[in-house]
Amino acid sequence: MQTSAPHIYTGGDCTGPYEIVHIAVQQGEIAGRNILKARSAWIHYQLLVSVVFTVPHTAFVGLTEKAAKARKIPYLAASYPFNDHGQSILMNQTDGFVKLLANPKTGEIIGGQCVGPLGGELIHEIVAAMAKRMTVQELTAMPHYHPTLSEIWTYPAEELAEKIGHGPVALHER
């Protein structure tokens, strides 16, 4: 967040590249830390979350299939529909799906999309997973209460873990 003038730091709209409130707040916090201790903090734009509060919500983090193809990044993708998910059926909100992208060799989660009920909330599970560089195998091993909306992420994670050839792993084995 340091400008070309070494004693000036910025955050928010004048910093770019995104004009989004939560990014501006994070940039301001990073600028403050870096003022106190130079180059001690930085922002991870690969964890940029986008949410559109339509009905149903649309949200994504990390790479989409289109972006991965354009950048020639290898990936595997799997999705799961809300119309086959217990909690969304109970809520009578069955439109949409979740999708995960993973590195085909390691299983690391590199992107997630959610079009569905509370998608703006549900996407944060994938943000947390990506921040910790979790694999789809680790996501499948993470307990999810039933019936909850968030357990829907385990279904594409299981499919990808199978494609990669690894079963679930215990979270402490990393």
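Predicted model: local features only at pLDDT ≥ 70, side-chain atom pairs only at ≥ 80, totals over all residues.
Most peptide bonds are trans, and most residues other than glycine have a negative phi.

Two cis peptide bonds come up along the way. One joins Val55 to Pro56, with omega at about 0°. Pro56 sits in the loop that links strand 1 (49-52) with strand 2 (57-62). Another cis bond runs from His146 to Pro147, and here omega is near -5°. Pro147 belongs to the loop between helix 5 (136-141) and helix 6 (154-164).

Positive phi values make up the other part of the picture. Leu118 is not a glycine, yet its phi is positive, at about 55°. This leucine is located in the loop between strand 5 (109-116) and helix 4 (119-131). Leu118 has a relative accessibility of 44%, so it counts as partly exposed, since that class covers values between the buried limit of under 20% and the exposed limit of over 50%.

Arg133 likewise is a residue other than glycine with a positive phi, near 55°. Its place is the loop between helix 4 and helix 5. With a relative accessible area of 49%, Arg133 is partly exposed; a residue would need over 50% to be called exposed.

Technical notes
Residues numbered from 1 in each chain as written. Heavy atoms only, no water. Helix = DSSP H or I, 4+ residues; strand = E, 2+ residues; numbered from the N terminus. Buried < 20%, exposed > 50% of the residue type's maximum accessible area, 1.4 Å probe, protein only.
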